[in-house]
Amino acid sequence: MVQWIMECVTTVSYSILINGGLTNRFQARKGLRQGDPMSSYMFVLVMEYLSRTLKTFKDIPDFNFHPRCVKLNLTHICFADDLIMCCRADKISIQLMLDKFNHFSKVTGLIENLDKSSIYVAGVSQGFKDMISADYQFKIEALPFKYLGVPLSSRKLTIQQFYIKKQDFNTMSTPSQACWLVRKVFDIRDWYLSIDSFANINNYCRKGQFNIQKAYTLARPQFQKVHWKALILGSTIPRHNFILWLALHHRITTVDRLEAWGIQVASGCVLCSSEKIETMAHLFFECQYSRNIWSTLLNWLGERHQIGLWEEEVVWLTKRAKNGRPRNSILEFLFAAVVYHTWTERNMRRFQGRKTETKSRIRDIVLQLHIKGQQKTK
Ligand SMILES: [Zn+2]
């Protein structure tokens, strides 16, 4: 077998094409003819030698495996001529590893290309890195690097590392193999550039650094502010706030709205015994039920206020809310609670046929207010 191989390796001759004419054949000093199907087998045999040499590390007590490779006794990964060797970052281990490799080079004549070799050290001091780069001829580089075309990194790659690299983000084309989200990030460049003010990146900087909040605020379409803004921004219970927000938009599904959509339900108000059609205006605060809760709570606070229609109440409260006194925050909280509890009671009666007494609703609201107050003082 060895003889056969040596026969193949030593009898190679070449001829070169110069100016259209072939030169005389000459002997090669080593190697196979280019494209010889035997070359891959030869390579595997030779690399197997390296592999076995490196496997002896587990018998050398001075050698330390890379912390993540101890379990597997892993020292190297090799694919064709691409070789990764790894060990713990200490002087002895690195030296042992290089000794083995140099021995392999001497035996086989396969020498590393220093221009294409790098060393990657992590989790060590700068001083140690400096020592490594002084002692060995390898370049010290940082992760991520590419192995078999795939970037390797100890953590998740950023868009910058994976797609942009050294290109200019403003002018490069959208990477077609990227996922939808990343492509959208790229696509949005044009949209940003279409806004005049974005031509200058400084508009989006704070203290010299790009600020995502500023970019977002400036890029958002500017709408007119609603007059009841202060009511929604008060500190209420989130689910109360949501129903209040729907009500402020006149979007809660009262009977009149359902009818407009062609849905037929019993039209009378389920909260009071009147035959009035259930509308926003009736629920807040024409209806005896909600009016009762709201006025009880206002009396409890000692507020002298004549309860009016929905819009009037919103205007009155907004005025109060703009003044940040604690009493006004309490009013805001109670108002959101009244709207929420009225709406919940309506749903309970309509869909489940259950009733809660007004008294216990009021008790719940006051309790919730106390809990909220305690949270705030903490
Ligand atoms: Zn009613």
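Predicted model: local features only at pLDDT ≥ 70, side-chain atom pairs only at ≥ 80, totals over all residues.
Student: Is H250 buried or exposed?

Tutor: H250 is found in the loop between helix 9 and helix 10 (255-260). Its phi is near 55°, a positive value in a residue other than glycine. Since 12 other C-beta atoms lie within 10 Å of H250, and the limit is 12 or fewer, the residue is exposed.

Student: How many other C-beta atoms lie within 10 Å of N73?

Tutor: N73 belongs to the loop between helix 2 (38-55) and strand 5. Phi of N73, which is not a glycine, is positive, near 55°. N73 is exposed, because the number of other C-beta atoms within 10 Å is 11.

Student: What radius of gyration does the chain have?

Tutor: The chain contains 15 helices and 12 strands. Its C-alpha atoms fill a box of roughly 115 × 60 × 50 Å along the principal axes. For 378 residues, a compact globule would have a radius of gyration near 21 Å, but the value for this chain is 39 Å.

Student: What percentage of the residues in the chain is buried?

Tutor: Burial is judged by the cut-off of 20 or more other C-beta atoms within 10 Å. Of the 378 residues in the chain, the buried share is 15%.

Student: What span is expected for helix 14 at 1.5 Å a residue?

Tutor: Helix 14 covers residues 326-352, which is 27 residues. From its first C-alpha to its last it reaches 37 Å, close to the expected 39 Å.

Student: Why are the buried residues of helix 13 on the same side, and what arc do they cover?

Tutor: The buried residues of helix 13 are V314, L317, R320 and A321. The face turned away from them carries the exposed residues E311, E312, K319 and K322. Among the elements that cover the buried residues are helix 9 and helix 14.

Student: Which residue in strand 6 is the bridge partner of C78?

Tutor: Strand 5 (residues 76-79) and strand 6 (residues 82-85) pair in the antiparallel sense over 4 bridges. The two strands form a hairpin with 2 residues between them, and A80 in the turn has a positive phi of about 50°. The bridge partner of C78 in strand 6 is L83.

Student: What is omega for the peptide bond from F284 to F285?

Tutor: Most peptide bonds are trans. F285 has its place in helix 11. The peptide bond from F284 to F285 is cis, with omega near -5°.

Methods: Residues numbered from 1 in each chain as written. Rg over C-alpha atoms; globule rule 2.2 N^0.38 Å. Expected span 1.5 Å × (residues − 1). Pairing = 2+ DSSP bridges. Contact = placed C-beta atoms within 7 Å.
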